[in-house]
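Hi there,

Here is the structure we talked about, ready for you to open. Have a look at it first, and then read on for a short tour of what turned up.

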Amino acid sequence: MSPQRQSSPARSAAARTTTAAARRPRTPAVDSACAEAVDLAREAAEDTAGQTRVGEHLGLRAEGDRVVTHYFVCLDPAYTGWRWAVTVTRASRARNVTVSECVLLPGDDALLAPPWVPWLERLRPGDLGPGDLLPTAPDDVRLAPGFTQVDESTDREAQWELGLGRVRVLSREGRDEAAARWYDGVAGPRAPIAASAPAQCSTCGFYVVLAGALRQVFGVCANEYAPDDGRVVSADHGCGAHSEAVSLPAVSEHNPPVIDELGYEVVPTGGDEDAASLDDEALGHS
């Protein structure tokens, strides 16, 4: 009698179990020969940093099969809180342990540079000056296509009676004087920042038109990064924060910083010994 074959669902479950077990990460075991190579790792760190800059052994960690990293205290005063990491390894069935790499890594108390921030996130109101251009992202939430922002407020403004509820309103003479003052001032077309602007305010998405007769020439800037934010500007005024000035370049990863991990500059603290050493160097002594 032939043996009974396993059903298809049972075979599928067994296959899934075998696959899951194969994908489970395996913790590498510490190789005894690499773990005992503390002196070899210290020699490699001292060859790189100098004998007086390598401290006590902090421990080790298994990186893979027959690969172990030893950690040593860094005694360099310029790198307080850092540690030397020396990775050693050996070939399969070989007894000789060799050094793979030696690097300086930051510890928990190491002084590190702040994280990199894109310049658009570092920009603050008031940073824009004459000749500067501020790109606007195509998907900026502060802007929308003009045909989507039409509502009934325009008709209501045309029917609203100027001066309703007020004892006195601005006369034509007062309005003309204000218009001339604004137009000839820093918000007009002859301002230095307007002379180098890529386009006029009348074509900017942040330009809010005034009501009444002044709407033909003046509006209010609503761009928080522009120097005229919240101020009245002429339609032919301009600055580098124009909404259509330039297209925003694609975001790209910045190159890693180049850090001198070995050299540093000793800054005198004002003591007598430091002053004496500086005097000797000035006289040509070392």
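Let's begin with His237. Leaving aside neighbours within four places in sequence, His237 is in contact (heavy atoms within 4.5 Å) with Val186, Ala187, Gly188, Pro189, Ala191, Ile193, Ala194, Ala199, Gln200, Cys201 and Asp228. Before going further, please keep in mind that this is a predicted model, where local features need pLDDT of at least 70, side-chain atom pairs count only at pLDDT 80 or more, and totals for chains, interfaces and linings use all residues. Residues are numbered from 1 along each chain as its sequence is written, and side-chain values use heavy atoms, with hydrogens and water left out.

Back to His237: you will find this residue in the loop between β7 (232-234) and α8 (272-282). Helices (H or I, at least four residues) and strands (E, at least two) are DSSP runs, numbered from the N terminus. Is His237 buried or exposed? His237 has a relative accessible area of 1%, so this residue is buried (buried means under 20% relative accessible area, exposed over 50%, partly exposed in between, with a 1.4 Å probe and protein chains only). A polar atom of the His237 side chain lies 2.7 Å from the backbone oxygen of Gly188.

Next, the cavity. Searching the whole structure gives one cavity of 30 Å³ or more. Here a cavity is a set of points, on a 1 Å grid over the protein atoms alone, where a 1.4 Å probe fits but cannot get out; lining residues have an atom within 4 Å of a point. Grid points are joined across faces, edges and corners, and the volume is the space filled by probe spheres set on the points. The largest cavity has a volume of about 120 Å³.

Now the aromatic rings. There are two aromatic pairs in the structure. Rings of Phe, Tyr and Trp (its six-membered ring) pair if their centres lie within 6.5 Å; planes under 30 degrees apart count as stacked, over 60 as edge-to-face and the rest as tilted. Tyr79 and Trp82 make an edge-to-face pair, at 5.4 Å centre to centre with 85° between the planes. Tyr79 is buried at a relative accessible area of 10%, and Trp82 is buried at 16%. Trp182 and Phe218 are also edge-to-face, with 5.4 Å between the centres and 85° between the planes. This pair links distant parts of the chain: Trp182 sits in helix α6 (residues 172-184) and Phe218 in strand β6 (residues 218-221), 36 residues apart. Trp182 is partly exposed at 27% relative accessibility, whereas Phe218 is buried at 2%.

Arg66, in the loop between β1 (54-64) and β2 (67-74), has a positive phi of about 60° although it is not a glycine. Arg66 is partly exposed, with a relative accessible area of 29%. Arg93 lies in the loop between β3 (82-89) and β4 (98-106). Arg93 has a positive phi of about 65°, and it is not a glycine either. With a relative accessible area of 86%, Arg93 is exposed.

Enjoy exploring!

Best wishes

Methods
A polar contact is a pair of N or O atoms within 3.5 Å; within protein, one must be able to donate a hydrogen and the other to accept it, and residues adjacent in sequence count only if both atoms are side-chain atoms. On a 1 Å grid over the protein atoms alone, a cavity is a set of points where a 1.4 Å probe fits but cannot get out, and a pocket is an open set with protein on both sides within 12 Å along at least five of seven lines; lining residues have an atom within 4 Å of a point.
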